[in-house]
Amino acid sequence: MSPTELPSALAATVTPKASPVRVAAGERLRSVGLPGVTLTVRSRPPAREGLPPALYVHGLGGSSQNWSALMPLLDGLVDSEALDLPGFGDSPPPDDGDYSVTGHARSVIRYLDASERGPVHLFGNSMGGAVATRVAAVRPDLVRTLTLVSPALPEIRVQRTAVPTALLALPGVAALFTRFTKGWSAEQRVRGVTALCYGDPGQVTPEGFRNAVEEMERRLQLPYFWDAMARSARGIVNAYTLGGQHNLWRQAERVLAPTLLVYGGRDQLVSYRMAQRAARAFRESRLLSLPDAGHVAMMEYPETVATAFRELLTDTVELNGSPDESGRASGAEVPIVGTDGPASGADRPDRGEVGTGGIGASEAGSGEVGSGEVGSGGIGTGEADTGVSGAGS
C-alpha cells in the first residue's frame, strides 16, 4: 500500500471520523496521553502477576494489529503491549508533525518512561525495527532483549521490488500515484499489499482478507493517514544518506541487549542478503532465517518466531544469569546462531492477517540521549513496511 500526499498543514487538529478499530479476543485498547502525542496501546491481560513486560512496534503503514498473531503465543511468558505509532492505527498525528524514526523512537521512549514498564522485551518490524534499534542504542536501560523482524537497516543496493514504494516518498510522486489509483477499491489495494508483504499470499484466509478490507476502508476515512505515510517515508529517505555516528548500522553496533534477528527469504522490501550483515553488527545476536517468509514473519509464521523468542529468553538466563537493573544480563555473550525457517507447511498456522501498507525508504534522527528522549541528530535507515488487520483483530 502506498502513501498519497495531503496538504502540508499539520493534521493533529483534524478530528477523524472513522469506524472503530477491530480488537481481537483477549485484547483491549486504551489511549495514553503524553507530552506532544497521544498513543493507542493494544494489550493482553497478563497470564499472571510479575511477568516481564514486552512492547511491540509496527512498521510504516502498519499498526498494533500486526502483532495480534504473535502476542497470544507469548502469554505466560511476557506481559504484552503493542503501540500504534503517532498517525497510524488508532493514534492521532503527533502535535509537531514529526514522523521521522527519531520522532517515533521519542514516542516509544516517552511511553516507556511514563509507564515505568522498562526494561522491556522490545520487538520491531521493518520501520519499527529501525525505531526499536534506535531506542535500544540510546536507552539501553529500557531494553531487556531486542527482537527485529525484517528490520529496516540501510541497504546500498535496494531490491527492485522496493524501488517503486521508495519513490513515493519524493515530493509530487505520491500525488501522481493518488490520481492514478483513485479508482482502486479497498479490495484491490489489500491484494496488492498482500502480494508485496507475504511470502505466500495464499496463507491469508477469507476471514483475514475481509478484515483487512474493512481496516483499509476505515483508514481511507482518516483525513491524515496518507499524509502520515508520505511524511514518514520522506523522513526515512532523507536519512538514508546519513553516515558517521548517526548511521543506523553504527547504532546497531552499540546495542547491548541480546538480539533475535528474523529475516524472510521471500521478502520483497528488506533484502534477505542483509541478514548476515545484521548478525555481525549486533554484538549479542542470533539469526532466524525463514526461507518461505516475506516481510511480516510474525504474521506469517508466529509460532516459529515465538519459539525462537522463547529460546532467546532461555539462553539469556542460562548464559548470563538474572537481568540486572538495566535489563541487560551480565556474563557470557549469546552466540550468533543461524536457524533455518519452518521446513514444512505443518508450521504454518491457519491465520489471516494482511498488511495494509508498504514503503521502502530511510529516516532522520539523533544520536543524543537526554531527559529520557532521543535527541535531534540523525540516523540512516533503509525502510519498507507493512500494515494491519487480521482474523479477529
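Reply: Start with a definition: the expected span of a helix is 1.5 Å times one less than its number of residues. The model is predicted.

Me: How do you know that the length of helix α1 agrees with that rule?
Reply: Helix α1 covers residues 101-115, 15 residues, so it should span 21 Å. Its end C-alpha atoms are 21 Å apart, which agrees.

Me: What makes α1 largely enclosed by the rest of the structure?
Reply: Buried means under 20% relative accessible area. In α1, 11 of the 15 residues are buried, so the helix is largely enclosed. Among them are Val101, His104, Ile109 and Leu112.

Me: Why is the contact of Glu214 with Arg22 called a salt bridge?
Reply: The cut-off is 4 Å between a side-chain nitrogen of Lys or Arg and a carboxyl oxygen of Asp or Glu. The closest N and O atoms of Glu214 and Arg22 are 2.7 Å apart, so the pair qualifies. Glu214 lies in helix α6 and Arg22 in the segment before β1, so the bridge ties together parts that are 192 residues apart in sequence.

Me: Arg44 and Asp75 meet in a salt bridge, 2.8 Å from N to O. What makes Arg44 buried?
Reply: Its relative accessible area is 13%, and the limit for buried is under 20%. Asp75, at 30%, is partly exposed.

Definitions and conventions
Residues are numbered from 1 along each chain as its sequence is written. This is a predicted model: local features need pLDDT of at least 70, side-chain atom pairs count only at pLDDT 80 or more; totals for chains, interfaces and linings use all residues. Side-chain values use heavy atoms; hydrogens and water are left out. Helices (H or I, at least four residues) and strands (E, at least two) are DSSP runs, numbered from the N terminus. Buried means under 20% relative accessible area, exposed over 50%, partly exposed in between (1.4 Å probe, protein chains only).
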